[in-house]
Every structure is written in C-alpha cells, then in structure tokens.
Amino acid sequence: LITDVPNQPTEEQLKSDPYLSRFALVFDREGYSPQYFKEMWDKRISCYTYNKSVKDSWAEEEFSKHTVCFPDGQKVVMLLAERGVFVGKKLWMREIRRMTKSGHQTSLLTTAYNAEIGKVAAALFSRWSQENFFKYMREQFGIDRLIEYETTALPETVEVINPQYRLIESLIKSKAALLYRKKAEFGALMIGETPKEDKILRCYELTKAAIQEEIGCLNKDLCTLKEKRKEMPKRIPMSQLKPDERFSKLADDKKQIMDTVKMIAYRAETSMVEIIRTTMSRNQDARSLLQKLFTTEADILPDKKDGTLTVALHNMTNDSSDKTIHELCSILNESETVYPGTNLKLIYKLVSDDFLRGQEF
C-alpha cells in the first residue's frame with residue numbers, strides 16, 4: 001500500500017508535520033489492536049475503527065452538531081464529541097463519539113490527528129458501504145454464482161490443512177463433548193438423604209464409581225490427543241499429501257472476467273444513481289427505479305443515414321418516474337457515445353418524447 005496508494009504526502013511534508021499521515025486504513029472493531037495502531041502510526045499510516053468494551057457515557061453537554069458529508073454527497077447532521085485517550089498504554093488516539101436521538105453513544109478511535117471530526121465520522125460510518133455492496137451484488141448481479149465447473153490443480157507449494165491434524169481435532173471435539181455429557185450425568189445422579197435399603201445405596205455408589213472412571217479415562221484420552229496435536233503441524237504443503245488426499249480448485253479465470261464486468265456495470269449504475277437522485281423527491285428509491293428501467297421494454301431504431309442508434313424506452317408507471325428518466329436520457333445523450341463496433345451515435349429517449357416535444361416537463 002505504501003508503494004501503490006496514490007497522492008501520498010512527500011517525505012518533506014511528513015517531516016514538517018508530525019501529525020500528517022500517508023493514508024488511512026478503515027476497519028471494524030474486529031481489527032482493534034493498540035499494538036497494531038502503534039505499528040501503523042510508526043509507518044505514518046492512520047487507522048479508523050470502533051472502540052471496544054465501552055461502558056461509560058459522556059455528558060450531553062460535550063456533544064455539538066456537525067454536518068457530516070458522506071462520499072455519495074449525502075449530508076447528515078450528527079451530535080459529535082471528542083477526547084484524547086491513551087490506548088493500551090501504547091499510543092495517544094482521538095476518541096470521537098456520536099450520540100443518537102435515543103442517547104446511545106457510538107465510540108470511534110483514530111490516529112488521523114489532522115482530520116476534521118466530521119470526516120472521521122463519515123469515513124468510518126460509510127464503511128458499511130462495503131457490506132451493502134456485497135449484499136447488493138449477490139442479490140442483483142449474482143456475483144457469487146458459479147460460472148463454470150472446470151477445475152484446476154493447486155500448486156504443490158500451497159499450504160493446506162493437514163488431514164491428520166483435522167482428524168485429531170475432530171477426535172478432541174468428540175471426546176470433549178462426551179466428557180461434558182458424562183460430567184453432567186455424574187452431577188445429576190443423586191440419592192435421598194436416608195436411603196431405605198442398602199441395595200439402593202450400593203447401586204448408587206457403583207454407578208457413581210463407573211461414571212467417575214469413564215470421566216478419568218476420557219480426561220486421559222483428551223490429554224493424549226492434545227499432546228499429539230501440539231507435535232503435529234496444522235498446515236502442510238500440498239506436495240506432502242497422499243495422492244488420494246489431494247484435491248483441486250474451481251477454475252477462476254472466467255469468473256474473474258465476469259466479476260470485473262459486473263463491477264464495471266455496478267459503477268455505471270452508481271453513476272446514474274447519482275444523476276437521478278437530484279431529480280427525485282425520495283432519492284433512496286434511485287436504485288429501484290433504475291432496476292425497473294433496465295428491465296423495461298425498448299425500441300431499438302438504427303439509422304445509418306443519420307448515423308444514430310436510438311433507444312426508445314417505454315414509459316414508466318407514473319409521471320414523476322418519466323420526468324426522472326427523461327432527465328437521465330438528456331445527460332446520457334450529452335456524452336455522444338458511439339455504439340461499440342459501429343459508427344452509430346447512441347440516442348436515448350422515452351417513446352412519449354415524440355408526442356411531448358415542445359411541452360415543458
């Protein structure tokens with residue numbers, strides 16, 4: 001990343017400003033690690049993440065309103081507050097909290113010392129766009145769909161789970177589950193305070209002794225298996241597997257190409273979403289409107305004489321949607337895109353445009 005991330009500050013700029021960072025890493029609380037934060041800052045890389053195990057609450061007087069602008073242009077007013085905190089006895093960080101209408105406080109940590117408080121909040125809260133992206137791509141683009149059934153061999157240097165290690169791991173889990181049940185059985189076995197017959201007492205003692213012996217044997221077996229597991233490597237190179245234990249993987253060349261095409265299509269769709277949002281009263285419906293547009297019928301009219309390829313879209317279900325699509329068509333037409341493999345310029349319009357020409361939308 002230090003090599004590839006563009007627009008990084010120069011070494012002179014980093015030396016002149018001790019709080020300036022090369023770039024930022026944004027991740028969930030699963031990556032919380034004061035040691036890691038320090039290692040990254042030693043390389044002048046800032047981190048954004050959620051704080052873990054927050055139990056206290058800050059006074060409401062500390063919070064003030066800030067306008068937070070997200071990457072998609074959306075602006076949200078948030079109640080934010082900030083303090084300095086010494087994390088893990090290793091590094092001073094900025095702790096920023098957001099208070100919701102219910103009074104709940106979400107705590108953020110960052111080493112982006114120069115960043116404006118609203119930008120810190122936007123960077124971390126917009127991280128959810130990653131989850132939203134994969135959810136949308138699975139639902140609408142089938143990004144996890146199987147493309148082909150062809151397989152390819154794995155390189156012999158690739159490390160895989162040792163089958164013997166997996167077998168011992170399975171035995172340990174099985175023995176541990178049986179031991180748990182036996183201990184529960186031993187604890188549940190009870191007898192009255194004053195048994196009436198010696199036979200009942202002897203039976204109780206024998207049963208207890210038998211279960212206790214089983215528990216002892218299981219404990220011994222578990223210890224033996226765990227010692228074997230310690231001596232055995234968890235991962236081994238593919239070359240060390242027996243021929244009947246080796247496996248192949250699904251070929252991924254075609255899938256990588258298809259996924260690339262799908263992601264390009266998603267970015268094109270996202271660009272159109274940003275265009276039509278400005279014309280919609282409910283901008284959260286932008287993607288659903290485009291989904292309807294992509295599946296609506298259209299007349300394709302090539303005109304070699306004029307050098308055009310007209311795509312006449314059939315009208316939507318209501319006037320407001322037609323107005324939005326009309327504006328989108330106007331902007332797309334301004335790009336003067338030529339259909340690939342031809343000299344025909346693409347023109348988008350609604351079927352009704354011919355009848356409404358001269359009328360104001």
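# Aromatic pairs, pockets and selected residues

By the ring-pair rule, 12 aromatic pairs are counted; rings of Phe, Tyr and Trp (its six-membered ring) pair if their centres lie within 6.5 Å, and planes under 30 degrees apart count as stacked, over 60 as edge-to-face and the rest as tilted. One of them joins Tyr32 and Phe37 in an edge-to-face arrangement, at 5.6 Å centre to centre and 90° between the planes. This is a predicted model, in which local features need pLDDT of at least 70 and side-chain atom pairs count only at pLDDT 80 or more, while totals for chains, interfaces and linings use all residues. Residues are numbered from 1 along each chain as its sequence is written, and side-chain values use heavy atoms, with hydrogens and water left out.

Tyr32 is partly exposed, because its relative accessible area is 25%. Phe37, at 0%, is buried. Elsewhere, ring pairs join Phe133, Phe134, Tyr136, Phe141 and Tyr266 into a cluster.

Rolling a probe the size of a water molecule over the atoms shows where empty space is left. The search runs on a 1 Å grid over the protein atoms alone: a cavity is a set of points where a 1.4 Å probe fits but cannot get out, whereas a pocket is an open set with protein on both sides within 12 Å along at least five of seven lines, and lining residues have an atom within 4 Å of a point. Grid points are joined across faces, edges and corners, and a volume is the space filled by probe spheres set on the points.

The largest pocket holds about 1000 Å³ of space. It is lined by 27 residues, of which Pro71, Asp72, Ser126, Ser129 and Tyr266 are the closest to its centre. Two or more lining residues come from each of helix H3 (117–125), helix H4 (128–141) and helix H7 (253–277); helices (H or I, at least four residues) and strands (E, at least two) are DSSP runs, numbered from the N terminus. H4 gives the most to this lining, with nine residues. By class, the lining of the largest pocket has 10 nonpolar, 10 polar and seven charged residues, where Ala, Val, Leu, Ile, Met, Phe, Trp, Tyr, Cys and Pro count as nonpolar, Asp, Glu, Lys and Arg as charged, and the others, Gly among them, as polar.

The second largest pocket has a volume of about 400 Å³. Among its 17 lining residues, Val311, Leu313, Leu332, Leu346 and Tyr348 are the closest to the centre. At least two residues of this lining are supplied by each of helix H8 (286–295), strand E11 (298–303), strand E12 (308–313), helix H9 (319–334) and strand E13 (345–350). The lining of the second largest pocket comprises 14 nonpolar and three polar residues, with no charged residues.

Between H3 and H4, the loop contains Arg127. This arginine is buried, because its relative accessible area is 7%. Its side chain makes polar contacts with the side chains of Asp28, at 3.4 Å, and Glu131, at 3.1 Å. A polar contact is a pair of N or O atoms within 3.5 Å; within protein, one must be able to donate a hydrogen and the other to accept it, and residues adjacent in sequence count only if both atoms are side-chain atoms. Apart from neighbours within four places in sequence, Arg127 is in contact (heavy atoms within 4.5 Å) with Val26, Phe27 and Asp28.

Not counting residues up to four places away in sequence, Arg235 touches Glu159, Val160, Ile161 and Asn162. A polar atom of the Arg235 side chain lies 3.1 Å from the backbone oxygen of Glu159. Arg235 and Arg166 are 69 residues apart in sequence, with their C-alpha atoms 9.8 Å apart in space.

Gly341 occupies the loop between H9 and E13 and counts as exposed at 85% relative accessibility. The C-alpha atoms of Gly341 and Ala184 are separated by 74 Å, and these residues are 157 apart along the chain.

Key. Buried < 20%, exposed > 50% of the residue type's maximum accessible area, 1.4 Å probe, protein only.
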